[in-house]
Amino acid sequence: MRIAIFGVGLIGGSLALCFKGKPGVHVVGHSINRSSTEKYVARGVVDSATTSLEEAALDADLIFLCVPVGRLEEYVDALSRLPLKRGCIITDVGSTKASVVRHADKLGLQGAYFIGGHPMAGSERSGVEAASLHLLENAYYVLTPTENTPAEQVNKLEGLLKCTRARVVIADAVQHDDIVGAISHLPHMIAVALVNQIAGYNESNDLYMRLAAGGFRDITRIASSDPVIWRDILLSNREVMLKLVSDWQERMDRFSDLLRQEDGDGIAEEFRTAGLFRSQLPERRKGMITSLFECYVDVPDHPGIIGKIATELGHAKINLSNLQIIESREDVPGILRLSFRQAEDLDRATALLTSSGYDVHM
Ligand SMILES: NC(=O)C1=CN([C@@H]2O[C@H](COP(=O)(O)OP(=O)(O)OC[C@H]3O[C@@H](n4cnc5c(N)ncnc54)[C@H](O)[C@@H]3O)[C@@H](O)[C@H]2O)C=CC1
Ligand SMILES: O=C(O)C(=O)Cc1ccc(O)cc1
């Protein structure tokens, strides 16, 4: 089985790691730059790599297009001109689906099949350096076949994706873009606008930046996402985004009205309604916007305590992905935030630290 990956970055590299080393599988990476191909091989992410599109696609059973959304259609075009292996499946990982799926559906792929795909996991990081074997684990992986896609090809792709340990969901491409626009693309836009708004205030008073630690940093993490990747996503989902921005503006106008009218009940009602919906969100599973599994430990602020907790977790083989002191002043309990990548690690850490007498809360 030969698997070709075009664009071995965060997502392409993570997929490559899922397939590489499986018996009988050869993973070939493609980049337009020679130095990148050398890096892919040197890092052990792929078995071989090439700058030749023809060479990468030759005899491939499965092709992943993992380049920015704005480049996807030209890759589909280029592949449609090549003699591909009969029954080859071409899939992409783009964050928008309608445009590329419509484009591929119009083209003849000569014995190959295109099936749109979107692994709904990732991060604000990019490049092969950020790739991880576990990135897609437990995440939803949307496939968007059309009425022209044979069901057996969809089943085949689903089977091949098992090694990512993601959960495949079938959806309509247009509906995908509506939903993902709202739950992922809009939050990215809001995070960027919010950061830029505060950056503007900070120009005249750098106390904004100094006080904007912790929470502000967390809710705006996605504002650090790759500019080119996101330029392409937003332009590709332009119509959907324009409607969402207009709805968002209405929401903000409502807040303005409530403030102007000093309508405290109305403001509280907004929070009540949001809290109710939010409390019904599926808990502790990988969502579109990656969250870490976190807990807070009240610790006395004395030397060695952080090391002690980290060692205790280490001895129990609990993988800590991050550790942060939220507040630490003399005579006041410091609050330690512990982050884990897996819900199971969080559960085990909570049980262990509680049994050791620490005050742990979520
Ligand atoms: N970043 C994320 O969390 C997620 C991204 N996606 C989608 O995955 C795709 C790849 O994104 P990432 O892996 O995050 O980006 P990345 O920047 O880590 O990787 C992109 C890859 O495409 C290559 N590339 C960039 N410009 C190119 C060009 N003009 N021609 C050919 N190759 C080019 C880069 O060398 C790199 O290997 C995008 O379509 C994105 O919408 C999907 C799910 C999550
Ligand atoms: O960093 C995060 O939490 C993300 O939201 C990552 C992400 C980015 C793009 C996607 O299409 C899917 C997931």
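Domain bounds, as used here, come from an automatic or database domain assignment. The model is predicted, and for its chain that assignment gives domain 1 (2-175), domain 2 (177-279) and domain 3 (293-361). When the centres are taken over C-alpha atoms, domain 1 and domain 3 are separated by 39 Å.

**The ligand and its shell**

The ligand is surrounded by 25 residues, of which the closest are Gly7, Gly9, Ser95, Gly122 and Ser126. Sorted by class, this shell has 12 nonpolar, 11 polar and 2 charged residues. At least two residues of the shell are supplied by each of helix H1 (10-19), helix H4 (69-80) and helix H10 (227-236), and H1 gives the most, with 3 residues.

**Two helix pairs**

Helix H4, which supplies residues to the shell around ligand 1, also packs with helix H5 (residues 98-106). A second pair is formed by helix H7 (residues 173-202) and helix H11 (residues 238-260). The table sets out the geometry of these two pairs.

| Helix pair | Angle | Axes apart |
|---|---|---|
| H4 and H5 | about 15° | 9 Å |
| H7 and H11 | about 55° | 10 Å |

Angles under 35 degrees count as roughly parallel, and H4 and H5 are therefore roughly parallel to each other. The crossing of H4 and H5 is right-handed. In this contact, Leu72, Glu73 and Val76 of H4 meet Val100, His103 and Ala104 of H5, and by class the contact has 4 nonpolar, 1 polar and 1 charged residues.

For the other pair, the angle of about 55° has a further consequence, since H7 and H11 are therefore oblique to each other. H7 passes H11 in a crossing that is right-handed. On the side of H7, the contact is made by Asp177, Asp178, Gly181, Ala182, His185 and Leu186, while H11 brings Val240, Met241, Leu244 and Trp248. Taken by class, the contact of H7 with H11 has 6 nonpolar, 2 polar and 2 charged residues.

Definitions and conventions. Residues are numbered from 1 along each chain as its sequence is written. Chains are lettered from A and ligands numbered from 1 in the order in which they are written. This is a predicted model: local features need pLDDT of at least 70, side-chain atom pairs count only at pLDDT 80 or more; totals for chains, interfaces and linings use all residues. Axes are lines fitted to C-alpha atoms, for helices over the stretch in contact, and angles run from 0 to 180 degrees between N-to-C directions. Helices (H or I, at least four residues) and strands (E, at least two) are DSSP runs, numbered from the N terminus. Angles under 35 degrees count as roughly parallel, over 145 as roughly antiparallel, 65 to 115 as roughly perpendicular and the rest as oblique. A crossing is left-handed if the near helix is turned anticlockwise from the far one by less than a right angle, and right-handed if clockwise. Two residues are in contact if their C-beta atoms, placed from the backbone, lie within 7 Å. Ala, Val, Leu, Ile, Met, Phe, Trp, Tyr, Cys and Pro count as nonpolar, Asp, Glu, Lys and Arg as charged, and the others, Gly among them, as polar. A residue is near a molecule or strand if its C-beta atom, placed from the backbone, lies within 6 Å of it.
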